[in-house]
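Please find below a colleague's note, written for someone who is meeting this structure for the first time.

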Amino acid sequence: SWYNTYIVKSGDTLYSISLASNTPLSDLVEINGLDKDSYIYPGQEIIIPRPEYKIYVTKMNDKLIDVLKKMNITIKDLMMNNDEILLKEDQLLIDKN
């Protein structure tokens, strides 16, 4: 699997989880369907990408060449690590480093 799960503890914030997991806050909120001001609660499960994977959540009007540049990968790598590539908004794409 490309991710680990984290169970939120009392006092946690998205920012503190992003720091502890060395994950950019923007990645953490995007892959969990949250925004940076979302309320999180003890017992909630948060998905954290494993360090050996790159992730990218597609934006409206993304083009394949732009995604490849942003992820710094080849089309072959992108295709090898993703079952389906639609380039619709909010699609999660992964690549193993």
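1. The model is a predicted one, and its secondary structure consists of 4 helices and 4 strands.

2. As for overall dimensions, the C-alpha atoms occupy a box of roughly 40 × 25 × 20 Å when the principal axes are used as its directions. Of the 97 residues in the protein, 34% are buried.

3. On contacts within the protein, the count concerns pairs of residues at least 6 apart in sequence, and 56% of these contacts join residues that are at least 24 apart.

4. The accessible surface of the protein amounts to about 6,400 Å², and carbon and sulfur atoms account for 52% of that surface.

5. A surface feature to look for is a nonpolar patch formed by L64, I75 and M79, whose accessible area together is about 260 Å². One of these residues, M79, is located in helix 4, which spans residues 75-81.

6. Is M79 buried or exposed? M79 has a relative accessible area of 54%, and because exposed means over 50%, M79 is classed as exposed.

How values were computed: Residues numbered from 1 in each chain as written. Predicted model: local features only at pLDDT ≥ 70, side-chain atom pairs only at ≥ 80, totals over all residues. Heavy atoms only, no water. Helix = DSSP H or I, 4+ residues; strand = E, 2+ residues; numbered from the N terminus. Buried < 20%, exposed > 50% of the residue type's maximum accessible area, 1.4 Å probe, protein only. Contact = heavy atoms within 4.5 Å. Areas by Shrake-Rupley, 256 points an atom, 1.4 Å probe, with all protein chains shown as cover. Patch = residues over 30% accessible without salt bridge, like charges linked within 9 Å, V, L, I, M, F, W, Y side chains within 5 Å. Salt bridge = Lys/Arg side-chain N within 4 Å of Asp/Glu carboxyl O.
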